[in-house]
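Have a look at the model before reading on.

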Amino acid sequence: MWIEHHSLFLEELLRMEGRGGLQEVPCSDCGGSSPEFKCQDCFGIDLRCSSCITAAHQRHPLHRLQKWNGNYFERATLKSLGLRIQLGHTFGQKCPNPRRAFNDNFVVMDSYGIHEVLLDFCDCVEAESHTQQLLRVAWFPSTTADPKNAATFRLLEEFHLLSFESKVSAYEFYSALVRRTNNTGLAPVKDQYESFMRMIREWRHLKMLKRSGRGHHPNGVDATEEGDCAVLCPACPHPGKNLPDDWEKVPRAKSWIYALFLAIDANFRLKRKIVSSNTMDPSLSRGWAYFVEEGAYKELLAEKVDVLQEKSTCSSHNAVNMADTKTSRGLAATGLGTIDCARHNMKRPNAVGDLQKGEKYVNMDYLFFSTLRHTSLQTLNVSYNIACQWHKKLWQRMTAFPISMHFDFVSKVIDFFVPKFHLPAHIEKCQTTFSFNFKRGVGRTDGEAPERGWANINPVASSTKEMGPSARRDTLDDFFGDWNWKKVVGLGMIMLRKMKEALPERTNQQIALNDLEEGLKEDYGGVLDQWRTQVEAWEDDPCQPNPFERNADVITLASVHLALAKEDEAEIQSGSCLALHEDCSPSVLISSGLELEEQQRRLRADKAACGLHAIDTQQGKLVERSNSLQRKIEAWVKIQALYMPNISALRLSDQATSTNTTSVPSSETFKLWLPSQIGRSAPCDERLQQTEWRLRYAQGHDALRSLRSSLRAQTAVLKYKDRNLRGQGANTRARNTLKMIDARIEAAASRYEGAHKALVILGGLLAETGWQSSLRPLNWQDIRSMSDLLWGESEGRRKLSWIWNMRGAGGSEKDDTGGLEDMRIEWCKARARAMRWGEEVELLQEEMQDSVIPTSLEHQDGCVAYAKRQAFLRRELVASFEARWAETLAQPDNINDID
């Protein structure tokens with residue numbers, strides 16, 4: 001354990017504060033007596049005299065020195081020892097015409113701290129500019145006009161990477177640098193913060209140009225066009241780069257392999273305050289990377305400022321309905337809109353832009369059409385959380401955009417989707433029409449890629465919101481480029497993990513589909529081919545009837561009551577009525593029994609809620625309800641005896657076996673002895689059993705509808721509470737509301753459990769089958785909202801509770817149209833699952849091939865060395881990916897064509 005040795009570590013740290021046994025040791029270089037200086041940054045600890053330590057640091061002019069003053073080491077500088085730094089000549093060569101820099105007080109920022117140095121520029125006739133002389137020793141000048149300070153490339157690179165990984169701000173980094181220079185404040189350091197901010201912004205820009213090959217363009221940097229500096233996704237299809245020459249001739253059935261997946265989203269954390277302007281803060285690039293070109297973008301938005309956005313016809317989506325109302329006081333931008341690669345979570349070129357209000361169509365349209373200028377693919381899959389509304393008049397809105405942004409949508413195959421996590425919030429029709437799970441050619445894409453990327457960029461918001469418009473765009477462009485690069489480097493592991501997940505799932509889902517079809521052949525062999533034809537027709541033409549949607553009417557308890565009343569009416573008119581009481585038919589008897597059972601359940605719940613210390617008013621109301629219920633039960637029991645004569649014997653037998661024979665059952669505990677409670681213990685009219693079965697079946701569906709409604713209300717209240725309520729009073733009222741909703745949820749669950757228990761008993765007596773597919777046992781983990789996750793679930797494996805996938809009520813699956821429709825939908829879903837996993841394997845194989853692009857070397861000197869290094873790096877990445885994938889890619893051939 002380290003704690004056992006902490007004294008040793010502490011002793012060594014304190015030893016370094018003194019001379020550490022070197023008191024009588026001569027200068028380590030010349031052997032002179034009484035050496036006083038040591039270097040904090042050189043390897044090892046030794047003492048040297050002033051002349052020796054100055055000579056030793058000719059190549060290390062930014063090291064930090066300390067001088068022994070007789071009592072302790074104090075800070076010393078190479079400047080105070082007279083070390084001069086000569087630029088413009090090779091090391092050791094003396095300049096015949098040196099020129100001192102800025103009154104011998106040049107400032108250099110380095111990882112070791114902020115240094116004042118004695119610097120000489122070369123002022124010979126053929127000397128380079130002062131800026132070039134600084135750059136050639138890896139010092140970045142803060143200005144090109146008579147530079148007075150600079151930062152080392154090492155420092156800029158350090159901050160650059162640190163900002164990507166930790167999201168540290170320039171101010172925090174600079175403050176740490178100042179403290180490293182002097183942590184006492186007794187020797188204030190001249191403020192270099194503004195210079196550092198300027199240099200790091202220029203550094204970001206230069207690194208972007210360098211990495212995108214702009215320094216190798218024959219026409220120079222000025223030839224850079226929009227989107228040229230973006231890091232492209234190598235796994236996405238790029239005609240002319242990673243696709244075969246005949247990719248456009250691929251059969252229609254396989255054209256989805258070369259589809260482009262786009263995901264649209266907005267982020268309202270990346271705000272920007274009204275600070276500076278484009279004039280005061282000009283951009284270093286003009287739409288060269290991920291942001292759109294600002295001038296044309298703002299010009300079009302100004303023309304559309306008065307265009308109102310139509311309201312949502314789906315759920316009440318805030319992104320649609322509140323696009324014009326989002327507060328923007330004090331803000332120049334309320335957030336960002338982006339278009340991402342939906343398969344690999346990378347930012348697209350010219351696909352990012354500021355939002356001035358909410359998520360307005362005009363903003364997102366511009367970004368969408370802007371990034372589409374960079375592709376010529378024939379198949380597009382577009383994901384957006386409000387795609388059901390946004391896509392309706394998209395092509396009509398496109399006509400208002402410049403001709404250069406028009407898109408030939410007629411000759412393309414374009415499908416629109418809603419991301420999987422957002423889909424449950426949409427109406428039922430959208431949940432099938434825009435689902436990634438049901439459409440062909442999308443694999444296991446979920447459309448949620450932008451959401452994952454926001455977690456990486458959101459911490460930057462605290463810094464970028466205070467920046468000027470162009471500085472913010474340049475900074476975010478740099479962060480998006482780094483995000484894309486990290487994704488490129490990680491493709492090897494990411495795709496391998498996805499392939500290892502997809503291969504067994506493809507096998508399992510295909511086997512499950514085969515088993516289902518084998519079982520269906522006996523009862524549904526005649527309609528199975530019809531279902532297949534129907535779902536294939538919908539996949540080819542979405543205008544065809546959607547096989548995933550339900551067409552049968554939903555059965556409710558009220559509709560069953562009506563049906564039973566009409567049957568009684570028909571029996572009375574035909575003279576076949578078997579009613580033994582003039583005011584109560586058998587169906588009315590059972591229906592009334594269920595109502596009494598529900599009143600008993602409510603009374604028990606209300607008594608339990610009052611607890612042991614109910615006030616007199618509460619107790620009085622409960623006693624009155626109990627008395628009223630008791631009278632209703634007594635009247636009902638008298639009529640029950642006419643239809644069920646043996647019920648009196650059952651009650652006497654039950655009382656005789658009861659542990660408490662003296663007390664009279666209270667109204668809420670009185671056993672009604674409905675047919676489901678009798679079971680096989682005594683004979684019962686089958687008609688009564690059939691009547692209760694029908695009513696219980698509808699009661700189960702009603703209870704589930706009530707349960708889902710309460711869960712939706714609970715989710716809505718929780719979201720409203722978290723977003724809008726502050727203070728004890730408002731939160732207390734919200735908790736009371738949630739308490740009432742919880743009671744409704746418990747009541748609905750209890751009602752359903754009672755109905756399900758009765759159905760299990762009656763189903764066995766009446767040989768009813770098929771109802772279990774829609775009315776399943778209700779466990780505690782099933783009672784959750786659409787957005788709730790079970791322990792251990794992730795978004796990638798997220799599954800809705802079966803109560804949200806509930807099919808319509810019907811009788812036997814063999815005899816009832818609703819049951820047949822249930823089976824069709826279940827088969828369609830099983831087929832879709834198997835197809836999506838199979839497509840995922842094929843898409844991953846194609847993406848792996850696209851990622852390993854052959855590279856070639858250029859034979860030039862100078863800057864081409866960088867190109868050679870980048871080519872070598874790409875080949876190393878390709879070799880790394882291929883080595884990782886080799887074993888897994890060998891597997892698909894062994895399990896193809898699973899029957």
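1. Contact here means heavy atoms within 4.5 Å. Beyond its neighbours within four places in sequence, phenylalanine 368 is in contact with Leu262, Ile264, Ile339, Val382, Trp390, Leu394 and Trp395. Bear in mind that this is a predicted model, where local features need pLDDT of at least 70, side-chain atom pairs count only at pLDDT 80 or more, and totals for chains, interfaces and linings use all residues. Residues are numbered from 1 along each chain as its sequence is written, and side-chain values use heavy atoms, with hydrogens and water left out.

2. On to the cores: a nonpolar core is a set of buried Ala, Val, Leu, Ile, Met, Phe, Trp, Tyr and Cys residues joined through side-chain atoms within 4.5 Å. Buried means under 20% relative accessible area, exposed over 50%, and partly exposed in between (1.4 Å probe, protein chains only). The largest core has 72 residues, and Phe368, Phe369, Trp390, Trp395 and Phe416 have the most contacts inside it. Helix α9 (residues 361-372) gives the most to this core, eight residues. Helices are DSSP runs (H or I, at least four residues), strands likewise (E, at least two), numbered from the N terminus.

3. Phenylalanine 102, with phi near 45 degrees, sits in the loop between β5 (98-100) and β6 (106-110); it counts as partly exposed because its relative accessibility is 29%. Tryptophan 673 has phi near 55 degrees and is in the loop between α19 (647-657) and α20 (675-678). Its relative accessible area is 7%, so tryptophan 673 is buried.
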